[in-house]
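Welcome! Please have a look at the sequence and the 3D view below, and then we can walk through a few features together.

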Amino acid sequence: MGRITLEGVTKRFGDVEVIPPLNLDIEDGEFVVFVGPSGCGKSTLLRLIAGLEDVSAGRILIDGTDATEASPAKRGLAMVFQSYALYPHMSVRKNIAFPLKMAGMDKAEQDRRIAAAANALNLTDYLDRRPGQLSGGQRQRVAIGRAIVREPSAFLFDEPLSNLDAALRVGMRLEISELHTRLRTTMIYVTHDQVEAMTLADKIVVLHAGRIEQVGSPLDLYMRPRNVFVAGFIGSPKMNLFTGEAAAEYGARTIGVRPEHIAISTEGGTWKGRVGVSEHLGSDSFFYVEDTGLAETVTVRADGEIGLHHGDEVWLTPSEDKVHKFDDGGDLIE
Amino acid sequence: MATRQTASLARLMRAPAIILLLIWMVVPLGMTLYYSFLNYNLLNPAVTSWAGWFNYQYFYTDPAFLDSLWNTLVLVVGVLLITVCGGIAIAILIDKPIFGQGLVRILVISPFFVMPPVAALIWKNMIMHPSYGVFADIAKFFGTSPVDWFAQYPLFSIIIIVAWQWLPFATLILLTSLQSLDGEQMEAAEMDGAPAYSRFIHLVLPHMARAITVVILIQTIFLLSIYAEILVTTNGGPGTASTNLTYLIYRAARLNFDIGGAAAGGVIAVVLANIVAIFLMRAVGKNLD
């Protein structure tokens, strides 16, 4: 079981309110990703749930019981830290055994669980090594192993992949995803990397300055961003956001069009511009079109084999039904 | 060194310092060795003769010798115990953010700046004195009779004075070590259900092992040669109750004017110190890898 409910949770450091009152429901077995730019309070929120920070106001319910004042150990949650936080003087086996030893579990059961975790995470050959002798990916797996042996009601991940190189990150992302499918335990995952958020999450929580901007499935956020912030934050490359005359034509303060929803042509269209930088990735090409009068550059996605080059004059046409319209306050106009 | 040229240049550049240090060490050691085989007394310096091993035999069979060895051991171990345990405790206390932290840290470190004879005199006359010391005042306040520290517990009093002087050193080294402990590790242990004392045993102590080793090694070197504190307080007494090896050598040289005997004692002290050093490096030096 791992149902976590936040009711009006607030965090203040002195006079600075980093998290204004916030409500959130996390269902049992869900993979929830907190995503947002750095300093948006996502890590603080995770630490509040873990019990490593005290809440200033509000309640945290875990499986329906009030855990606001409970110590971190009593909440039955396991956390994987950004720096892995392995105990450097203990072997991998002792690292994984530490929470079990602290819980006073008998030796046979400890050994059984360690063997199972090591087997699941490919750590069996490394059990007697020290963390210092392991690679980054292996350390990450030890940290996960230390979390799963406790059989917690929820896992908390604090930017766990940010210290790994790009190739390893993709691999570990898959492993964490597999782990979730196998264990079906609630997981809360903090990241600033939206690719991780999009690929892992059942539910994404977009945070900005401590406030929840939008909660929804990855595709939901991508297709129907509720405001300008989410529209600009989710998606890579970013959604094009235009203000001024182009937006006024749609009766909005700001309009947003994703790069794949703009057609590029040399013959004719709605907006005229010149190709600046172009990136050819094979499967698709991205053009950064300048001098449109809309924004500094407009990003456009096209098929892989379109022959346009720097300085070419082009016409851009948005797909009318894919234009997102936002009002003065930045909220979506339905 | 990157190349053969820079290597030989480096050897040349550091040679003066090494040669100077070597002379500083070899000449006194050679003179001490030489004197230790002479019958040489300052009361009658004109008459010197070859003594063979007599000085060593004389020093070794002195009943004060074994007492002084024992006292040296008690002094070193006692001070190490107090400074290491106390240092860990104080380091943990002043590591927490408190009001006036900077001032508190300076106050904690300040005993280290007081020179040993001055510190010992302050303790002797203002703190431990049986009639106008602070301890006597406290004892009178509670209606008990004051303790005459230097008469009743001479060695223990000296241990307290020396420990007071070395506590800042231990605290400082242990505090820096404590501050380098990764906060996420402590939080991870907290999430793993480890209460405060388990975190201390399983995380803090192993992390500080290296710093504790450094404290023990460095302090042992200095504690083997404690002398000024004994000179200005108990003069090694009553009897030999607070005489350590260093003080015994001083007594031979400056009170009995027996240069030969003192030199023999010095050589014995050097040999013993090296035995202790080898033993220590074996026992705790592996933490320094």
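## Confidence in chain A

Where in chain A is confidence lowest, and where is it highest? Keep in mind that this is a predicted model. The lowest mean, 83, belongs to helix 9 (residues 245–249) of chain A, while strand 3 (residues 31–35) of chain A has the highest, at 93.

Taken as a whole, chain A has an average pLDDT of 88, and 99% of its residues score at least 70.

## Where the two chains touch

Now to the contact between the chains. Chain A contributes 15 residues to it and chain B contributes 13. On the side of chain B that touches chain A, two elements give two or more residues: helix 9 (183–191) and helix 10 (196–223) of chain B. The most comes from helix 9 of chain B, with six residues.

What classes of residue make up this side of chain B? There are five nonpolar, three polar and five charged residues on the side of chain B that touches chain A.

## Two crossing helices in chain B

Within chain B, take a look at helix 3 (residues 63–95) and helix 8 (residues 154–179) of chain B, whose axes come within 6 Å and cross at roughly 40°. Helix 3 and helix 8 of chain B are therefore oblique to each other, and their crossing is right-handed.

By class, the contact of helix 3 with helix 8 of chain B has 21 nonpolar residues, along with seven polar and one charged.

Note on methods
Residues are numbered from 1 along each chain as its sequence is written. Chains are lettered from A and ligands numbered from 1 in the order in which they are written. This is a predicted model: local features need pLDDT of at least 70, side-chain atom pairs count only at pLDDT 80 or more; totals for chains, interfaces and linings use all residues. Axes are lines fitted to C-alpha atoms, for helices over the stretch in contact, and angles run from 0 to 180 degrees between N-to-C directions. Helices (H or I, at least four residues) and strands (E, at least two) are DSSP runs, numbered from the N terminus. Angles under 35 degrees count as roughly parallel, over 145 as roughly antiparallel, 65 to 115 as roughly perpendicular and the rest as oblique. A crossing is left-handed if the near helix is turned anticlockwise from the far one by less than a right angle, and right-handed if clockwise. Ala, Val, Leu, Ile, Met, Phe, Trp, Tyr, Cys and Pro count as nonpolar, Asp, Glu, Lys and Arg as charged, and the others, Gly among them, as polar. Two residues are in contact if their C-beta atoms, placed from the backbone, lie within 7 Å. pLDDT is the predictor's confidence in each residue, from 0 to 100.
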